[in-house]
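User: Hello! I am new to this structure and would like to learn how to read its features one at a time. Could you guide me?

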Amino acid sequence: MNKKTEVRESKNSLDTAKLIAAVVVLVGSIIAYYNFSGLHAVVRVLMVLFGVGAAVAIVYTTELGEGWFRYLVHTKKEVRQVVWPTRKETAQTTLIVVIAVIIVGIFLWLIDMFLLWAVKLLTGQGG
């Protein structure tokens, strides 16, 4: 084995251990929430939030966590670049959709009435 492979394998095993530790911390904080039911609810919620924060901090130190957070940063950057519609454009688009739904609904109702009339005529139930 070369040195790069050994370093990568040791980093992967360390990352796996960190991810397992993060899961243990998270599950431990949830278990503590239920085991310390005698404490005030705010204290128990703070314990869970602290556990979640500690688990996120542990995951962040892994290669997988860094990739996730890099993705979130890029996603936030892309969302800022989106050109959002104005209030007027949104209202106009909504109005067009509502009118189109009403028109299609009336059209389908008319087709249904025609088919019902045709079935009654063909089956002899029309009177």
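User: Let's start with tyrosine 60: is its side chain buried, partly exposed or exposed?

Analyst: This is a predicted model, and tyrosine 60 has a relative accessibility of 46% in it. Buried means under 20% and exposed means over 50%, so tyrosine 60 counts as partly exposed.

User: How do I read a pair of aromatic rings?

Analyst: Two values describe such a pair: the distance of the centres and the angle of the planes. A search of the whole structure gives three aromatic pairs. One of them joins tyrosine 60 and phenylalanine 69, with 5.0 Å centre to centre and 70° between the planes. Planes over 60 degrees apart count as edge-to-face, and that is the label for this pair. Phenylalanine 69 is partly exposed as well, with a relative accessible area of 28%.

User: What is the geometry of the pair formed by phenylalanine 114 and tryptophan 117?

Analyst: That pair is tilted, with 35° between the planes and 5.9 Å centre to centre. Phenylalanine 114 and tryptophan 117 are three residues apart in helix H4 (residues 87-123), so about one helical turn separates them. Both of these residues are exposed.

User: Which residue lies over the face of tyrosine 33?

Analyst: Arginine 44 does, at 4.3 Å from the ring centre. Tyrosine 33 also turns up among the contacts of valine 48, a residue of helix H2. Leaving aside neighbours within four places in sequence, valine 48 is in contact with Ser29 and Tyr33. Valine 48 and glycine 28 are 20 residues apart along the chain, and their C-alpha atoms are separated by 8.8 Å.

User: Now for whole helices. At what angle do H2 and H3 pack?

Analyst: The angle is about 100°, and the axes are 6 Å apart. Angles of 65 to 115 degrees count as roughly perpendicular, so H2 and H3 are described that way. On the H2 side, Val56, Val59 and Tyr60 make the contact, while H3 brings Gly65, Glu66, Trp68 and Phe69.

User: Where is threonine 62 found?

Analyst: Threonine 62 sits in the loop between H2 and helix H3 (63-81). With a relative accessible area of 1%, threonine 62 is buried. A polar atom of its side chain lies 2.6 Å from the backbone oxygen of valine 59. Beyond its neighbours within four places in sequence, threonine 62 is in contact with Asp15, Lys18 and Leu19.

User: And which residues does isoleucine 58 contact, leaving aside its neighbours within four places in sequence?

Analyst: Those contacts are Lys18, Ala22 and Val25. Isoleucine 58 belongs to helix H2 (residues 41-60) and counts as partly exposed, at 23% relative accessibility. Sequence separation and distance in space can be read side by side here: isoleucine 58 and aspartate 15 are 43 residues apart in sequence and 9.5 Å apart in space, C-alpha to C-alpha. Lys18 is in contact with isoleucine 58, and Lys18 is also in contact with threonine 62.

Conventions: Residues are numbered from 1 along each chain as its sequence is written. This is a predicted model: local features need pLDDT of at least 70, side-chain atom pairs count only at pLDDT 80 or more; totals for chains, interfaces and linings use all residues. Side-chain values use heavy atoms; hydrogens and water are left out. Helices (H or I, at least four residues) and strands (E, at least two) are DSSP runs, numbered from the N terminus. Buried means under 20% relative accessible area, exposed over 50%, partly exposed in between (1.4 Å probe, protein chains only). Contact means heavy atoms within 4.5 Å. A polar contact is a pair of N or O atoms within 3.5 Å; within protein, one must be able to donate a hydrogen and the other to accept it, and residues adjacent in sequence count only if both atoms are side-chain atoms. Rings of Phe, Tyr and Trp (its six-membered ring) pair if their centres lie within 6.5 Å; planes under 30 degrees apart count as stacked, over 60 as edge-to-face and the rest as tilted. A charge sits over a ring if NZ of Lys or CZ of Arg is within 6 Å of the ring centre and within 35 degrees of the ring normal. Axes are lines fitted to C-alpha atoms, for helices over the stretch in contact, and angles run from 0 to 180 degrees between N-to-C directions. Angles under 35 degrees count as roughly parallel, over 145 as roughly antiparallel, 65 to 115 as roughly perpendicular and the rest as oblique.
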